[in-house]
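Student: Could you walk me through part of this model? I'd like to start with what the words mean.

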Amino acid sequence: HARLVAPPPARGTSRVPRAFRASRVPSRSERRATLARAASGDSADLDEDWVKSNEDAVRASPLVVGGVSVAALLLNRILSGVAPVADASSAQSRADVLCLGMAGTLVLTGLQWLALKQKPPTRVTLEGVAVPGPGGFVDPSLPLRAQEELRWVWDALSSATQCGSFAVVYKGRRVCQAGVAPRAAFGDADTTAAANSSDALHEALGSTRLIIGPICERCMKSGVSNYLANLALFPGRVEFQSYLPKNAQAVAVTPVGNEGVMVAASGTQRGFTPADQAWMAVLAEKLDATLSGEARA
C-alpha cells in the first residue's frame, strides 16, 4: 500500500496539524463574562418591560433630576459663603456654571420627552353582524378545494393578525365574507330575525352583489397592494362601507391576480405590520393559483 506523507510545514509555522491543536482554556473571568452575556437576554427583556410599564416616570426622570440639581446648586451657593455674584476667577463659580448648564440640559430633555409622548393607536370594536360559521360565508358554487382554502386563509389571518373583517372578490362576485360585516352587506335581509340561521345570512350574502370601488380596481390593475393605516384620513373609505364595518380603523387591499382582490380590515389603527402585509401577498398569490386553476378546469 502506498503511504501518504503529509507535506512539510512552511518555515515558521507549527508542526502540529490544525485539527489537533489544543484550544486555549478560558480563564475564570472569561467564563463569568460568558455566563453574564448569556443571562443578559432575559435581563434585557425585563428591563424593556419595566420601561414600558413605567413610561411616564422614565420620561419625567430627566426633568426631576435637573430640577433637583438646580435646587442643590442654589442651596450650595447659599450655604458655602461664596459671594452670590459669579466671579470668573473663582473655581467655585466656574464649577457652578458647568453644573448649572448640565442641569438645564436635563430639564430641557425632560420637557421634550414629555411633549413628544407618542399617542397610542385607536382601538375599537368593529360594529356589524358576525358572519356565522367557522370560515364565514364561502361561495357554495366553488369547488370544495377552493372553499376549504378560503376558510383556511380567514382562519390564519384572524388567528395571527388583528384582522376582524375579511372579504374576497373574484371575477366580479363575492367568494368569501368572514368576520364582522355591516348590515348593508346582507341586503334587505332581517339580520335580527335571522341571527340564529346561518343559512339565511349566507344566502343573503350570496344574493347581494358586492361592488368594489376605485381603490380596489386600481389595486387589481397595478398588481400592487394598498395599505390604509388610518382609514379615517382617507375620503375614499366610503367605498368599503358596503361590505366592511363603518368604524374600521385600518384596511389592507391585496390583489388576487388580475381578476380579484382580498380586503382585510382591523379595528386598530396601524393594525397590520409590514410582515402581515407581506404574508397577505403570499396568501393572495396562493388563492389566485387555486381559484384560477379551478376555473380553467
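Tutor: Buried means under 20% relative accessible area, exposed over 50% and partly exposed in between, with a 1.4 Å probe and protein chains only. Strands (E, at least two residues) and helices (H or I, at least four) are DSSP runs numbered from the N terminus. This is a predicted model, in which local features need pLDDT of at least 70, side-chain atom pairs count only at pLDDT 80 or more, and totals for chains, interfaces and linings use all residues. Residues are numbered from 1 along each chain as its sequence is written, and side-chain values use heavy atoms, with hydrogens and water left out.

Student: OK, which residues of β6 are buried on each side?

Tutor: A250, A252, T254 and V256 are buried on one side, and V251, V253 and P255 on the other, so that both faces of β6 are covered. In a regular strand the side chains alternate between the two faces of the sheet.

Student: And what does β6 pair with?

Tutor: Pairing here requires at least two DSSP bridges between two strands. β5 and β6 run antiparallel and are joined by three bridges, with N226 opposite V253, while β6 and β7 pair in the antiparallel sense over seven bridges, A250 having S266 as its bridge partner in β7.

Student: Switching to α6, which of its residues are buried?

Tutor: In α6 (residues 214–222), I215, C216, C219 and M220 are buried. They lie on the same side of α6 because they cover an arc of only 135 degrees around the axis, the arc being that of the directions from the helix axis to the C-beta atoms. On the other side, R218 and K221 are exposed.

Student: What do the buried ones pack against?

Tutor: The buried residues of α6 pack against β5 (226–228), β6 (250–256) and β7 (260–266), where contact means heavy atoms within 4.5 Å.
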